[in-house]
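Subject: Structure handover

Hello,

Here is the structure I said I would pass on. My notes on it follow below.

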2 protein chains.
Amino acid sequence: MSPHRTRRRIPDATVARLPIYLQILSAQLDGGTSNLSSEELATLAGVNAAKVRKDLSYLGSYGTRGVGYEVQYLVYQIRRELGLDHEWNVVILGAGNLGQALSGYGGFTERGYPIAGIFDIDPDKVDTLVGGVRVRPLDELAQVVAARSVSIGVIATPPVAAQDAADRLVRAGVTSILNFAPTLVNAPLGITVRTVDMSVEMQILSYHEQRRVAAASSLRSVQADGSRNQTA
Amino acid sequence: MSPHRTRRRIPDATVARLPIYLQILSAQLDGGTSNLSSEELATLAGVNAAKVRKDLSYLGSYGTRGVGYEVQYLVYQIRRELGLDHEWNVVILGAGNLGQALSGYGGFTERGYPIAGIFDIDPDKVDTLVGGVRVRPLDELAQVVAARSVSIGVIATPPVAAQDAADRLVRAGVTSILNFAPTLVNAPLGITVRTVDMSVEMQILSYHEQRRVAAASSLRSVQADGSRNQTA
DNA sequence: ACGTCTTTGTGAACGCGTGCACAACCGTTC
DNA sequence: GAACGGTTGTGCACGCGTTCACAAAGACGT
């Protein structure tokens, strides 16, 4: 039994909420709060208190009955579980609008995901500076991935180039891919792919708008649509 | 009974997949395919065929047994259901890296979401040109929203300004909000809010990476992690 | 030391979404 | 017009996630 043993599997839905809790808890810590109950955390996160407790229970029994959770310790545990106890270098493929924005975003480096390199296939873009980083040609990808132990790749290319980008990332040794192109990308088993399509989000919104106006035009009714979302 | 009556409610999970189907079907249409079976569509979308049929059945019975679905008609029906039979003007709040990228993205206008305006509170940014659009001061927001019937607002501000941005959008009359700031924003009942937090996506990925290396270090095992995701 | 108060951790019920399996149905061929 | 191969639409069962409700347990005051 290793001291750092693999815990029981954490449900996907819980994993998706842990970063939210972490963000709130970190802010509370900065604000000087040292203890927090599941009820308070639930309110801040906009979810049910029982859900918070069950989510946190997957990490272990880190709360104190009658008191709540010690913020600092909880932050430490969540960070460890999410693999945030060290940095994860990432590479960005595509130096267009989105790639440049991501590169200049700052939120990535700040949260432990320093950008090891941004790449583009277009020779005109190569060697230009984007957010203080030099755009590199695609054939340097494998070398950078190996040298800087990159395991996460971000696809910020046009749709048609997305699959090729994914293939190159996999060949270079990347095992997790965040895809911002509005296309399904296929990857071999064992590679984790997450797709974030902004126009899909927009279309989900306009569906609700659509229903809103349809309902309003057929009969003047008040709808109490409590629909929210939570990342994916 | 109006001819354009409100259909039975479509499950959230289905709504989130309709844009994917639409994208695939549109591409197939351009490629000259006029008919498609649920099996084929399922393969292209990377989901189960029964799921596709059930999803499409919420729109009505638009398939033909023994044949499949007529692509063009299905595209029309999905577009209508998603409210894509007309354009939805959107406003963007925040002309920083992300706001500029979204503005220059092109994918929005192209898919029926023209940008009615991009706004910033910083006087230095106001009147600069971003993606061919002039950045406007925040106090012109209400006027633009009213004049151009904007119902969707995008928050691309720093985290601390997100709630204020949301409040302003709601006051201006926007009823759907797409929030890219890594913060929970509160809105009154009846307003639809979706949050897309890129660093959350990153943290979900690094959780899987974390487990991968933990599993590999404890015992040299092959993991068949079939985890995928689907927007939302 | 004991009782009270508060909050956790979790068993159990519920509801939604997924996937199987099949009857109903269409088109085509003989 | 009847038989047949193919595909849809859906009833049903299963599994995951959410929520309720409560026993277990720590802290604190007397």
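The buried residues of helix 5 of chain A are covered by, among others, strand 4, strand 5 (115-120), strand 6, strand 7 (133-137) and strand 8 of chain A, together with helix 5 (97-105) of chain B. Please keep in mind that this is a predicted model. The residues in question are A:L98, A:G99, A:Q100, A:A101, A:L102 and A:S103, in a helix that spans residues 97-105. After helix 5 of chain A comes A:G106, which has a positive phi, near 85 degrees.

Chain A as a whole

Chain A has nine helices and ten strands. Its C-alpha atoms fill a box of roughly 65 × 60 × 35 Å along the principal axes. Of its 232 residues, 41% are buried. If one takes the contacts in chain A between residues at least 6 apart in sequence, 54% of them join residues at least 24 apart.

The sheet

Seven strands of chain A make an open sheet with mixed pairing, in the order 6-7-5-4-8-9-10. At the edges stand strand 6 (129-130) and strand 10 (192-195) of chain A; each has a single partner strand, so one side of each has no neighbour in the sheet.

Strand 4 (residues 90-93) and strand 8 (residues 152-155) of chain A pair in the parallel sense, over four bridges. In this pairing A:V90 is opposite A:I152 of strand 8 of chain A. Strand 8 of chain A also runs parallel to strand 9 of chain A, and four bridges join the two. Here A:V154 is opposite A:L178 of strand 9 of chain A.

Which way do the residues of strand 9 of chain A point? A:S176 and A:L178 point one way, A:I177 and A:N179 point the other way, and all are buried.

Helix 8 (residues 159-172) of chain A lies across strand 4, strand 8 and strand 9 (176-179) of chain A. The angle between helix 8 and strand 8 of chain A is about 165 degrees.

A buried loop residue

The loop between strand 8 and helix 8 of chain A contains A:A156. Is A:A156 buried or exposed? A:A156 has 27 other C-beta atoms within 10 Å, and is therefore buried; the cut-off for that is 20 or more. Apart from neighbours within four places in sequence, A:A156 is in contact with A:I92, A:L93, A:G94, A:G96, A:L98, A:G99, A:L102 and A:F180. Among these, A:L98, A:G99 and A:L102 also belong to the buried residues of helix 5 of chain A. A:A156 and A:A95 are 61 residues apart in sequence, but their C-alpha atoms are 7.3 Å apart in space.

Helices of chain B

In their contact, B:I20, B:Y21 and B:I24 of helix 1 of chain B meet B:L41, B:L44 and B:A45 of helix 2 of chain B. That contact has six nonpolar, no polar and no charged residues.

Helix 2 and helix 3 of chain B pack at about 110 degrees, with axes 8 Å apart. This angle makes helix 2 of chain B roughly perpendicular to helix 3 of chain B. Helix 2 of chain B contributes B:S38, B:E39, B:L41, B:A42 and B:A45 to the contact, and helix 3 of chain B contributes B:A49, B:V52 and B:R53. By class there are five nonpolar, one polar and two charged residues in this contact.

The DNA strands

There are 28 residues around DNA strand D, of which A:P11, A:G66, B:G63, B:R65 and B:G66 come nearest. Helix 3 of chain B gives the largest share of that surface, five residues. By class, the surface near DNA strand D has ten nonpolar, ten polar and eight charged residues.

Around DNA strand C there are 26 residues, and the nearest are A:G63, A:R65, A:G66, B:R65 and B:G66. For DNA strand C the largest share, five residues, comes from helix 3 of chain A. The surface near DNA strand C divides into nine nonpolar, ten polar and seven charged residues.

Regards

How values were computed: Residues numbered from 1 in each chain as written. Chains lettered and ligands numbered in written order. Predicted model: local features only at pLDDT ≥ 70, side-chain atom pairs only at ≥ 80, totals over all residues. Near = placed C-beta within 6 Å. Nonpolar A, V, L, I, M, F, W, Y, C, P; charged D, E, K, R; others polar. Pairing = 2+ DSSP bridges. Contact = placed C-beta atoms within 7 Å. Axes fitted to C-alpha atoms, helices over the stretch in contact; angles between N-to-C directions. Parallel < 35°, antiparallel > 145°, perpendicular 65-115°, else oblique. Buried ≥ 20, exposed ≤ 12 C-beta atoms within 10 Å, placed from the backbone.
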